[in-house]
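Open the structure in your viewer and keep the selection tool at hand. This tour goes from stop to stop, saying what to select and what is there.

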Amino acid sequence: MLLIFPPVGKPCEPPAGVALLSAALKTHGIDCRVYDANADGLLYLINSVTGKDAGDSWTQRALKHRENIIADLKDPSLYKNVDRYHQRVYDLNRLLTVSVDQTRFRITLSDYSDNQLSSVDSKALLKSADTHRENPFYPFFEERVRPLVSASASPWVGISLCYLNQALVGFALAGWIRENFPDKKLVMGGGLVSSWMSRPDFNNPFSGLIDVMIRGEGEQPLLELLGVPGTTKKHYIPDYGFAANHNYLAPGRILPFRASIGCYWSKCRFCPEKAETRPYSAQRAHCVINDLSAMAEAHRPDVVHLIDNAVTPAFLRALSKREFPFKWYGFVRFEKDFTDPEFCRALKRSGCEMLKLGLESGDQGVLDRMNKGTDLSVVSLTLKNLKEAGILTFVYLLFGTSFEDKPAARHTLDYVKAHQGNIDYMNLAVFNLPKFSEDAEGLATREFYHGDLSLYLNFDHPDGWDRRHVKSFLDKEFKKELGVGSRFRKNPAFFSSNHAMFFNDLETSQ
Ligand code: SF4
C-alpha cells in the first residue's frame with residue numbers, strides 16, 4: 001500500500017510512524033511504499049517561486065540564493081554561526097511564505113493556517129477536502145502525488161496525521177484522492193487522529209470521506225485491514241528506506257526512534273498525554289538497544305532523535321554503556337541517575353549531544369501540586385553535571401497552570417537566574433488546559449478555539465493569573481531580566497530543538 005505523510009511538519013527528518021507501519025507491512029509480506037509529501041511538498045512550493053513573485057528585495061535575494069541556502073542548511077559548517085544560520089532559514093522561509101496566496105494562507109517551515117478554514121473544526125476539514133483545488137498544495141498533488149497513487153496496485157492509501165498543521169492539507173489530499181481515484185480506499189491514522197478519537201465525545205464525522213480511521217498504534221489494525229489478522233509481533237525496526245529519496249533540511253541524516261509508547265511517569269496533572277490515557281508500554285532495554293543498533297546498521301543515521309515522551313531510566317542506563325557511531329538526543333525526566341557526574345559523562349561518550357528536560361517550574365510547591373515528581377535539588381545537580389559533561393540542555397518551562405500564581409512564577413525566574421550558566425536553551429510556554437483532563441473538571445472553563453475537535457480550553461485562573469498576565473510577565477519581566485535572546489542560546493527559528501543540538505560547536509559566543 002501507499003502511505004503518505006502530508007505537509008506541514010518540520011522538513012528536517014523523516015516521520016517515524018509511517019516507517020514503523022512500513023516495517024510491519026513488509027515483515028508480513030505486504031508491499032508498501034512511503035512518501036514523505038511534507039519534505040517534498042514544502043520544497044516544491046519553495047521551488048515554485050519565480051521572479052514575478054519576488055516583489056521586494058528580501059524575496060529577490062532569497063530567490064537568487066535559493067539553491068545555496070538549501071545546500072547551506074545541509075552543511076554542518078553553517079551551524080557554527082547562529083546568525084548566518086538564521087539568515088538562511090528566514091530567507092528560505094520567505095520563499096515558502098510568498099509561494100502561497102498570503103491574503104488567505106500562512107505557511108512557514110513549521111506551520112500552516114488558512115484564514116477561511118479551521119484545523120480544529122471537522123466541517124472545515126471536510127470543506128478542505130471538497131475544495132482541495134484551492135489548497136496551495138493542489139498543483140503538487142497533481143504533479144508529484146498522482147504518479148504514485150496511479151502506480152500503487154493496492155486499493156488502500158494511508159494518510160498519517162501527527163500534527164495539527166497537517167490537518168487541512170491532509171484532508172485536502174484525502175478529498176483529491178477521493179475525487180481522482182474513486183476506487184481507492186482511504187485509511188487515516190497518526191497521533192492527531194488518535195487524539196481526536198480518544199475524546200469521549202468523538203462521533204466520527206469523517207465516515208463519508210475516510211473509510212477507516214485508526215486510533216493508537218497502527219501496525220496491528222493495518223495488518224488486519226490488509227488481510228493479516230492475529231499477528232502477535234508488536235515491535236518492528238523502523239524502515240527508513242524511503243528517507244533516502246527525500247531532501248531533508250539538516251546537516252546530517254536524522255532518524256527518529258521511539259523506545260517506548262506513552263509515558264512511564266504519566267502522573268503530571270497538566271499533561272495532555274495523561275488526559276488521553278495512552279497506556280505505557282516498553283520492551284526490555286536490551287531488546288530496544290538491539291533494535292536501535294539494527295536500525296542504525298540498516299540506515300546509517302548521523303543523529304538519532306529519541307522521540308519518546310520521556311526516555312526511561314532503564315534505557316538511558318543501557319545507552320550509557322554503549323558508544324554509538326551516531327549522536328543522539330531526546331526528552332528525559334530529571335531522574336536521580338543524572339546526579340552522578342560519571343553517568344552524565346558516560347551518556348556523552350555514548351553519543352548524547354543534547355537532552356530536553358521538562359522542568360515546567362522553578363517553584364517546588366508548584367512542582368509538587370502538579371505531581372511532576374521532580375525535586376529541584378536533583379534539577380540543580382543534573383543541569384550542572386550535564387553542562388560539565390558537554391551535553392546541551394534544552395529546558396522547557398510552563399507558565400499559567402492552575403497550580404501557579406505570580407509569586408511562584410517569580411520563583412521560576414529566580415531559579416533560572418541562579419542556574420543560567422547551566423541552561424543552554426529554554427522553551428517558554430503558556431499553559432493550555434487539556435479539554436478532558438481531570439483538572440478541567442474543577443475549573444470554570446471556556447472554549448479556546450471554536451471547533452468540535454479542539455483539544456484545549458481556556459479557564460478562569462483561581463488566583464487571576466490568566467494568560468494575559470502570564471504573557472505580560474514573560475515579556476516584561478522574565479525575558480527582560482534574564483536577557484533571553486542574548487545571554488541564552490538562540491532557539492533555532494522554526495526548527496527549534498530539531499536543529500538545536502547541531503550548535504554544540506559554536507564559533508562565536510552569543
Ligand atoms: S513526564 Fe511529560 S509526558 Fe510524562 S506525564 Fe509528565 S508531562 Fe506528561
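**Stop one: methionine 213**

The model you are looking at is predicted. Methionine 213 belongs to strand S7, made of residues 212-213. Now show what touches it. Apart from neighbours within four places in sequence, methionine 213 has contacts with Met188, Gly189, Val193, Met197, Asn204 and Phe206.

**Stop two: the nonpolar core**

Which residues have the most contacts inside the largest nonpolar core? They are Ile4 and Leu173, in a core of 140 residues. Colour helix H8, residues 167-180: the largest share of this core, 9 residues, comes from there. Then colour domain 1 (2-49 + 99-225) and domain 2 (252-503); both give residues to the core, so the core lies between them.

**Stop three: a cis peptide bond**

Move to proline 7 and valine 8. The peptide bond joining them is cis, with omega about 10 degrees. Valine 8 sits in the loop between strand S1 (2-5) and helix H1 (16-27).

**Stop four: the ligand**

Select the ligand and the residues around it. There are 12 of these, and those that come nearest are Cys263, Trp265, Cys268, Cys271 and Asn309. Colour the shell by residue type: it has 5 nonpolar, 3 polar and 4 charged residues.

**Stop five: two positive phi angles**

Go to asparagine 371, in the loop between helix H15 (364-369) and helix H16 (376-389). Its phi is near 65 degrees, a positive value in a residue other than glycine. Is asparagine 371 buried or partly exposed? Asparagine 371 is partly exposed, because 15 other C-beta atoms lie within 10 Å.

Finish at serine 496, in the loop between helix H18 (467-482) and helix H19 (497-500). Serine 496 is not glycine, and its phi is positive, near 45 degrees. Serine 496 has 14 C-beta neighbours inside 10 Å, so it counts as partly exposed.

Methods. Residues are numbered from 1 along each chain as its sequence is written. This is a predicted model: local features need pLDDT of at least 70, side-chain atom pairs count only at pLDDT 80 or more; totals for chains, interfaces and linings use all residues. A nonpolar core is a set of buried Ala, Val, Leu, Ile, Met, Phe, Trp, Tyr and Cys residues joined through C-beta atoms within 7 Å. A residue is buried if 20 or more other C-beta atoms lie within 10 Å of its own, exposed if 12 or fewer, and partly exposed in between; C-beta atoms are placed from the backbone. Helices (H or I, at least four residues) and strands (E, at least two) are DSSP runs, numbered from the N terminus. Domain bounds come from an automatic or database domain assignment. A residue is near a molecule or strand if its C-beta atom, placed from the backbone, lies within 6 Å of it. Ala, Val, Leu, Ile, Met, Phe, Trp, Tyr, Cys and Pro count as nonpolar, Asp, Glu, Lys and Arg as charged, and the others, Gly among them, as polar. Two residues are in contact if their C-beta atoms, placed from the backbone, lie within 7 Å.
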